[in-house]
Structures are given as C-alpha cells and as structure tokens.
Amino acid sequence: MRHGNRFEGGEIVRIARTLVRALLILLMLPLPSALAEVQANAWRTETIPHATAPVPAARPPVPAPQREPSVFERQAAETIKITNDFRRRNGLPEFKEDPVCASAALDHAQDMARRSYFDHFAPDGSSPTMRYQRRNTTHQRVIRVTENIARGNGTTPESALRMWLDSSGHRKHLVGTEMNHIGVGVANGSCFLGPCTYFVQCFSRWP
C-alpha cells in the first residue's frame, strides 16, 4: 500500500512535467497571422504624435513715449492758431496745415537765425518756391508758394502777427483767399547786436 502510494505520486509528477513541456512548446510556436495583424494594427493606432509646444501669447506693443513739443514748435502752432482765429473773425476760410510748408519755413527761419540775415531770398539764391520744392519729397502738387517773415527781440506769435497785419505786403496773404495752406517755422538767433526770434509763415496753394 505504501509502495503503491509512492508509485502513484511519482506518476503524478511525471505527468505534470509532461504538461509543462507541452505548454512551453505551445508558447514558442508563431502566432496565427490574423492575431499578428491585429497586434500590428493595434501598434499603429497607438502611435502618439509629438505634442507641439504651446505658442506663447504675443505681448501687446509698448507705445513709444510722446515727445514734448519744443518751445519753437509750440510757437509755430500758436502762430497758425491765431492766424486762423483772425481769419474766422473776418469771415475767411481757415488755412489748412501743409507739412511741406512747415519744413520749408523752419529751414528758412533756422538759416536766417544762424547767418543773421533777413530776406525772402537766402544767400544761396533760394526762394520760397525753391525751398518748398526741396522739401516736397511726397510730390505734393501746388500752384504757388509765398511767405511772410518777421524777427525781433522777444518776438511772440502775437507780435509777429501784428507786424504782418500792419504791412500791406504781408497782410494780403493773411486776408486773401488765393492761398489755402500754411506752415510756420520759428528759430532763435541774433539781430541788431542782440538775440532775436525769427518767424516764417509759408503759404501754399493746393489745387
């Protein structure tokens, strides 16, 4: 009986080993094609593309600080303002601002201040029209250009306007309707053996 139990136990061990070998052989066999295809497809569908980095939000541009106008720029603007105030009081249309005229007027005011002369014609022979053409890089079409000039110790926009209104040759530009645009230049220099402020009003006729 005891011998029989040992025989039966040994037989069980042998059968278990045989089953284990058979299972290992089955695991080593190639997979069926259908299963391999499923696994291959599963691999392709699980592929994850590279994630793109988030685009940082653009910062709004920082506005450039506004430059304070110079004393001469404020005087030029004031001269245009009081000139148009005078025209409105007298039932005349306002002058529109001409940036080319403003540049030409400033050129002439600075040149007279630097070289201490007082004339509509510069020492190089340039006239108001020539100075306008020199600055007219935008090719603004104009019919005619003329100007008023004034200078004096402590001259202000108000005193310059009074001087022009008291001169018939200058007044005609201020009360006429031939010109429809204006630009003003102001500069400091010397005259009469002392400091002077030079004012130039440039007038243009646009079509």
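## A tour from loop to sheet

Start at His139: with 69% relative accessibility, this residue counts as exposed. Exposed means over 50% relative accessible area, buried under 20%, and partly exposed in between (1.4 Å probe, protein chains only). The model is predicted: local features need pLDDT of at least 70, side-chain atom pairs count only at pLDDT 80 or more, and totals for chains, interfaces and linings use all residues. Residues are numbered from 1 along each chain as its sequence is written, and side-chain values use heavy atoms, without hydrogens and water.

**Two loop residues.** Stay on His139. Its phi is positive, about 60°, although His139 is not a glycine. The residue is in the loop between α5 and β2. Now select Ser116, in the loop between α4 and α5 (128–135). Ser116 is not a glycine either, yet it has a positive phi of about 55°. At 39% relative accessibility, Ser116 counts as partly exposed.

**The whole chain.** Zoom out and colour by secondary structure. The chain has seven helices and four strands. These are DSSP runs numbered from the N terminus: helices are H or I, at least four residues; strands are E, at least two. Along the sequence the pattern reads α-α-α-β-α-α-β-α-α-β-β. Of the 207 residues, 32% count as buried. The accessible surface comes to about 14500 Å², and 61% of that belongs to carbon and sulfur atoms. Accessible areas come from the Shrake-Rupley method with a 1.4 Å probe; for residues, only the protein chains shown count as cover.

**The sheet.** Select the four strands. They form an open sheet in the order β1-β3-β4-β2, with mixed pairing. β1 and β2 stand at the edges with a single partner strand each, so one side of each has no neighbour in the sheet. Strands pair if DSSP finds at least two bridges between them. β2 and β4 have nine bridges and run antiparallel. Check two positions in β4: Phe199 stands opposite Ala150, and Ser204 stands opposite Val145. Strand β2 (residues 144–152) is mostly covered, with eight of its nine residues buried.

**Helix α6.** Select residues 157–165. Pro157, Ser159, Ala160, Leu161, Trp164 and Leu165 are buried. The buried residues of α6 pack against α3, β2, α7 and β4. Contact means heavy atoms within 4.5 Å.

**The rings.** Show Phe95 and Phe203. The structure holds one aromatic pair. The centres of Phe95 and Phe203 are 5.3 Å apart and their planes stand at 55°, so the pair is tilted. Phe, Tyr and Trp rings (for Trp, the six-membered one) pair if their centres lie within 6.5 Å; planes under 30 degrees apart are stacked, over 60 edge-to-face, the rest tilted. Phe95 is in the loop between α3 (71–89) and β1 (96–97), while Phe203 is in β4 (residues 194–205), 108 residues apart. Both Phe95 and Phe203 are buried.

**Charges over rings.** Finish at Arg151, which lies over the face of Phe192 at 4.8 Å from the ring centre. Here, NZ of Lys or CZ of Arg must be within 6 Å of the ring centre and within 35 degrees of the ring normal.
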